[in-house]
Structure formats: structure tokens, C-alpha cells
Amino acid sequence: MKRSLAFGVIVGTVIAVVGLLGGAALLIAGQSRVSQDAIQSSVTRTPELIDSAWKLPVAATFNADVTWQSNGSRCGPASVANTFRSIGEEETSEAEVLAGTGKCWTGFCIIGLTLDELAEVAQTNTRRKVSVLRNLSADAFREHMKRANDPGRRYIVNFTREKIFGAGAGHFSPVGGYLEAEDMVFVLDVNEDYKPWLIERKRLFSAMDTIDSDGDKKRGLLLIE
């Protein structure tokens, strides 16, 4: 009886903790919600430009298809999974890229992942080189965006939505490429509410060149090559 009671207490405690963690993640996601009006008006989705962006060398490897993040906290793993799919890696789901990392085991990445943590997740399941690029100057960022059309390279950008949409928290999404003539970056947003969009390079840099309070370091780019 005592053993059964103890087991029941342990199971109940685990369920309660998981429930609390999940509830916390949902609360965070709710607090960072952006209105549909802001989503539509803050970035560029002109059909002609979007069509041109999907034809860029790197964007084309995604086949105009983005697998949406499973919940508001897992934009990082979803970004890696989509990026891996575009370069032919086997791990193309959130669960697969998280396997063996010990992260987000509750189903939620509580308070999200930092840029360094996502680099660890990406490196765990690939032999490709994974680099963290932060503290970039505006000129250095522009040079990287010009190389974002190189089929041998993939970038994931870590930025705060607040600088772009007026509300929201930190976020990850793959970079689909750079329309140099328009000086616009194609962001393959992994959140289904936003979907892929174009933005002026300077505005994206401003949203990236911010401090992630979770790690007290600047956000930046993840380069996989």
C-alpha cells in the first residue's frame, strides 16, 4: 500500500509539474500575441515580390512549403527542422531535431531557446558546420544577407517581433533569401499566423540587433553550411 501510494504521489507530482510548465508556456505565448492587423500591415506581402522571393536559389529548396511550429514556444526547433529539410538532412521534424538534446522535453521550450541553445540543438543532429553570428554591424549583416542566396548556406534569424509588429517576443525563422535590388529579406516565418514575409533589411537588422533577456546576449544569426 505504501509503495503504491508513493508511486501515485510521484506520478501526480510529475503530471502537475508538466501541466504547470505547459500552462506557463501558453501564458507567455498569449502575452506576446500580435493582432492580425499588425501582422498584415507591418511587412510586405506584395504577390509579385513574394513570387520573386520564392524563386530565389535558397527559397526554392523549401518548395514554397513551411511546416508550422507545433506551439508558440517551439519556433527554434521548427526553424531547424525546416532548414534541415531544405538541405536534405534526415531530421525534418521538431521531435527529430530535439532528439538527444534534453531540451523541450515537456513538449514546450519554456521561455524559448536562446541563440546558443538553438545552435546546440542544430549541431547535435548534423555534421554540417553550425555557427552563431552575433554583434554584427549593419554592414556585416548586409554582407551575410547577400550570401543568403548561396545554396550551400542556410541562415536562421533570431529577432524580436516587437521591433517589427509593435508587439510580441523573441522569435526564430529561416531566411529564404535576399532581394538585393529591393534591399529586402525573405523571412520564412514558421508561425502559421504570420506565414512568410518580406521586410527591409535595415528593419530586420534593427529587430535582430537586440538583447535577449533570457541569455543577456544579443540576438543574431545561425549559419548552417
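Predicted model: local features only at pLDDT ≥ 70, side-chain atom pairs only at ≥ 80, totals over all residues.

Reader: Is Cys75 buried or exposed?

Author: Cys75 is buried, and its relative accessible area is 8%. The cut-off for buried is under 20%.

Reader: How many disulfides are there, then?

Author: The count comes to one disulfide. Cys104 and Cys109 form it, with their sulfur atoms 2.0 Å apart. A pair of cysteine sulfur atoms must lie within 2.5 Å to qualify.

Reader: What is the handedness of the link between Cys104 and Cys109?

Author: The link is right-handed, with 105° about the S-S bond. Both Cys104 and Cys109 are buried.

Reader: Let us turn to helix H6. Which of its residues are buried?

Author: In H6, which spans residues 115-124, the buried residues are Leu115, Leu118, Ala119, Val121 and Ala122. They lie on the same side of the helix, because the arc they cover around the axis is only 160°.

Reader: Why would residues spaced like that point the same way?

Author: An α-helix has 3.6 residues a turn, so residues three or four places apart point the same way.

Reader: And what covers the buried residues of H6?

Author: The cover includes helices H4 (75-86) and H5 (94-98). It also includes strands E1 (130-134), E2 (154-160), E3 (170-179) and E8 (220-224).

Reader: Which residues have the most contacts inside the largest nonpolar core?

Author: They are Trp54, Leu118, Phe186 and Leu222, in a core of 35 residues. The elements giving two or more residues to this core are H3, H4, H5, H6, E3, E4 and E8. A second, separate core has 27 residues, among them Phe141, Val187, Trp197 and Ile199.

Reader: Changing topic: how many aromatic pairs are there?

Author: The count comes to five aromatic pairs.

Reader: How accessible are Trp54 and Phe186?

Author: Trp54 counts as buried at 18% relative accessibility. Phe186 counts as buried at 0%.

Reader: What is the geometry of the rings of Phe165 and Trp197?

Author: Their centres are 5.7 Å apart and their planes stand at 85°, so the pair is edge-to-face. Phe165 belongs to helix H8 (residues 162-165) and Trp197 to strand E5 (residues 197-200), so this pair too links distant parts of the chain, 32 residues apart. Both Phe165 and Trp197 are buried.

Reader: What is Val66 in contact with, leaving aside its neighbours within four places in sequence?

Author: Its contacts are Trp54, Asn82, Arg85, Leu188, Asp189, Val190 and Pro196. The C-alpha atoms of Val66 and Ala81 are separated by 9.8 Å, and the two residues are 15 residues apart along the chain.

Definitions and conventions: Residues numbered from 1 in each chain as written. Heavy atoms only, no water. Buried < 20%, exposed > 50% of the residue type's maximum accessible area, 1.4 Å probe, protein only. Helix = DSSP H or I, 4+ residues; strand = E, 2+ residues; numbered from the N terminus. Arc of directions from axis to C-beta. Contact = heavy atoms within 4.5 Å. Phe/Tyr/Trp six-rings, centres within 6.5 Å; stacked < 30°, edge-to-face > 60°. Core = buried A, V, L, I, M, F, W, Y, C linked by side-chain atoms within 4.5 Å.
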